[in-house]
Amino acid sequence: MIILARNLITGDGATLLKDGAVVVDKGKIRDVGPAREVVGRYPGESVVDYGDATILPGLFDMHVHLGYYYSQPDLANYDDFLIAYYAAKQAEIALTLGITTVRDLSSPHNLCKQLRLAGEKGYVAVPRIIHTDAGICMSGGHGHTDGIEQVDGADNIRAAIRRQRRDGADWIKLLTSHRSNIPEFTQEELEAAVDECHRRNIKTAVHAGTQPSIEMCINAGFDTIEHGTFMTVEQAEKMAQKGQAWTPTITAYTYLYEYCLKIKEEGGDLSNPVAAAAARDCDYFGPAAFAYRDNFKKLYDTGVTVLAGSDMVLYGAPPLPINRELAYMVEYGITPLEAIRTATANPARVLGLDGVTGQLVKGLEADVLVVEGDAAKDITALNHVKCVYLGGKIVYQR
Ligand SMILES: [Zn+2]
């Protein structure tokens, strides 16, 4: 099968082909290039022409919580069965948005492992899933009311990582800051976590939004810093040098800021625990949203690897808004092609999947997204998904 469209973005942050073609064979990309060169090489091959659309790699969302049911208003109904249905629905939504790979950074124990297995068995349609177990925080630390495992002391952290690894976690996630400048884990605990992961050749992500937690986590050597909300240019430079990546999650914090502003001004349903927390934390989300707006481009320009992650867990909010995340990046100063790279080539490299997916390159899996319009000119083209292929199979079609 040959897929054609007016625009073709390969995902490397720079390459845009006009009138491009992707040849898909047995689930893989057999060829990519200008249609006038490619089509003639495959006489008799079926052709699907998407006209004025854009073809690009299937997207990654590097910060999801497929099983985050904690903000549901009818929380008491959520037993393991309902949580699994909830997660399957989130996975289905991901596919409709063109997300063909997710990194889940904390869902209930074993949920992602089993969801991936259910996908392999064909019970449900899911994107490629790379996952941690439940996140790890200190006793009383960030997220401890939302299923995060509470662990104290370097040795106990090592033991928790060993258990999570035994039970199938691909990555390890720690959380070490909340809404203040008080760090949670000690430097010794953070370093033990990184050492335990790296000596076993696995990677580790950390939630660190404030100072000095961000600095402590960069020094400890985490592979990805999640949020990094109040990161400085010097810190981003240091991350670039050390090969650490940054998942800003602009949308989640900006959405929460707008949400809590609305609650402050108009009042709202505070029986929803996440809404109540948002209202309490409004003083945090304002400066957080402004920090992303004012600093994103400066931090990006240091050369630090940026990863697109949505981290949207609020009930009623648009789920997995990776299109919105890329739109914020463009609004804050980078090009659409650069923004798309944060959801394609960059995450593939960080996850060690660059030999599998993440770009439209010969030999990789045919994870392909087709959107209406010219995404290289107008990033909001990603709001209009026409078709999504996962390993060459259509998993969503409008
Ligand atoms: Zn998160």
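Beyond residues up to four places away in sequence, Lys 28 touches Val 23, Gly 363, Leu 364, Glu 365 and Ala 366. Contact here means heavy atoms within 4.5 Å.

This is a predicted model: local features need pLDDT of at least 70, side-chain atom pairs count only at pLDDT 80 or more, and totals for chains, interfaces and linings use all residues. Residues are numbered from 1 along each chain as its sequence is written, and side-chain values use heavy atoms, with hydrogens and water left out.

Lys 28 sits in strand 3 (residues 28-34). Strands (E, at least two residues) and helices (H or I, at least four) are DSSP runs, numbered from the N terminus.

Thr 10 lies in the loop between strand 1 (2-9) and strand 2 (16-25).

Accessibility is classed by relative accessible area: buried under 20%, exposed over 50%, partly exposed in between (1.4 Å probe, protein chains only).

| Residue | Relative accessibility | Class |
|---|---|---|
| Lys 28 | 38% | partly exposed |
| Thr 10 | 9% | buried |

Now the metal. The zinc ion has protein donors His 63 (NE2), His 65 (NE2) and Asp 311 (OD), 2.0 to 2.3 Å away. Donors are N, O and S atoms within 2.8 Å of the metal (3.2 Å for Na, K and Ca); water is not among the atoms, so sites may look incomplete. The donor spacing in sequence is H-x1-H-x245-D. His 63 in strand 6 (residues 59-64) and Asp 311, in the loop between strand 15 (305-306) and helix 11 (322-331), are 248 residues apart, a pair linking distant parts of the chain. Both His 63 and Asp 311 are buried.
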